[in-house]
Amino acid sequence: MSSSDMPEVLILDEGFAGLFDLKEFSFSPVFLPKAGKLEDNPHIKAIITNGAIGLPEALQSLSSLEMIAVCGVGIDRLPLPLLKKRKIKVSTAIGINADEVADTALMFLLNLRRNFLFNFAWLKEGLWQKSGEPPLGHSIKNAKIGIVGLGAIGQALAKRVSALGASVRYYNRSERDTSFQREKDLGQLAEWSDALILAVPGTEETYHLIDSHILEKLGSEGILINIARGSVIDENALIRALKDNKIKGAGLDVFETEPAVNPAFFELSNCILQPHQGSATLETRKAMAMNVIQNLQAYFQGKPLITPLSGLA
């Protein structure tokens, strides 16, 4: 197949092209102009995007668009009703990043329970010599870990923390085939938990699922960790709870208005922040990118998608 005969794929994910030599694959890459504008191109059949970008409004009218391949699992920035109406298929990299994101949640949990960043600041500021050892942390063993959303990521996390001796309960829309106890009420799970970890998709159903009521249930010794989507938390309520020590601390990988972040978070000493890096290892990003390519190749060959989004593909 000559390059002129290849279907054109618009790449919105800036990091995607650096993971593979796209010349090896049977489509022609097109990159969005720096100005961020694109005339309707009838040759563009598919788009590669990620959860943070989704499908910008300016591109929703591409007349020949047939498929969107998400290099990730986030679908909250996709216009799903429009895609369904136009019968545009969608693939995600579901399950591929589960271990990496679970490790990120565990990193937050260990940092917040054992005070690693606090201890580093204590050492750097000379307080070891001036004031002696820093305050004691808390063990993971026998800790009570509540997981909100027991999908692939939640299950990977449950295995990790239970292997460290923690107790696990979960909140999920439906019962899972697991030995872990399900709590049907999120408030009860928060009240039970030493740490509440969020691993649910960002949808209308989960919007501001964590509000002032749930934070009050989590309590002054409780930790909140979000490796899901920023929209799951009422950030203003969380900032107030952290300021007033209504909860002990928070670890946030995602934010409601990312990449912009509420600057009030930077004034807090009881939270750990990072710029949406849950799956950010070379190995996992390559595996996710390969999943995108395999889905595109399957589509252009008239075969079923490898990891379709249910209801659209």
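This is a predicted model: local features need pLDDT of at least 70, side-chain atom pairs count only at pLDDT 80 or more; totals for chains, interfaces and linings use all residues.
Biologist: OK. And α2 itself, which residues does it cover?
Modeller: Residues 98-114.

Biologist: Which α2 residues are buried?
Modeller: Several, including Val 101, Leu 106, Phe 108 and Leu 112. Asn 111 and Arg 113 are buried as well.

Biologist: Next, α3. How does it pack on α2, what angle and what distance?
Modeller: Helix α3 is residues 116-124. The angle with α2 is about 50°, and the axes lie 6 Å apart. The two helices are therefore oblique to each other.

Biologist: Which residues make that contact?
Modeller: From α2, Leu 110, Asn 111 and Arg 114. From α3, Phe 116, Leu 117 and Asn 119.

Biologist: And by class?
Modeller: Three nonpolar, two polar and one charged.

Biologist: Switching to the whole chain. How many helices and strands?
Modeller: Nine helices and 12 strands. The radius of gyration is 22 Å, close to the 20 Å from the globule rule for 313 residues, so the chain is as compact as a globular protein of that length.

Biologist: What does the C-alpha trace span along its principal axes?
Modeller: About 70 × 45 × 35 Å.

Biologist: How much of the chain is buried?
Modeller: Buried residues make up 48% of the 313.

Biologist: And contacts between residues 24 or more positions apart?
Modeller: They account for 58% of the contacts with a separation of 6 or more.

Note on methods
Residues are numbered from 1 along each chain as its sequence is written. Side-chain values use heavy atoms; hydrogens and water are left out. Axes are lines fitted to C-alpha atoms, for helices over the stretch in contact, and angles run from 0 to 180 degrees between N-to-C directions. Helices (H or I, at least four residues) and strands (E, at least two) are DSSP runs, numbered from the N terminus. Angles under 35 degrees count as roughly parallel, over 145 as roughly antiparallel, 65 to 115 as roughly perpendicular and the rest as oblique. Contact means heavy atoms within 4.5 Å. Ala, Val, Leu, Ile, Met, Phe, Trp, Tyr, Cys and Pro count as nonpolar, Asp, Glu, Lys and Arg as charged, and the others, Gly among them, as polar. Buried means under 20% relative accessible area, exposed over 50%, partly exposed in between (1.4 Å probe, protein chains only). The radius of gyration is taken over C-alpha atoms; the globule rule is 2.2 Å times the number of residues to the power 0.38.
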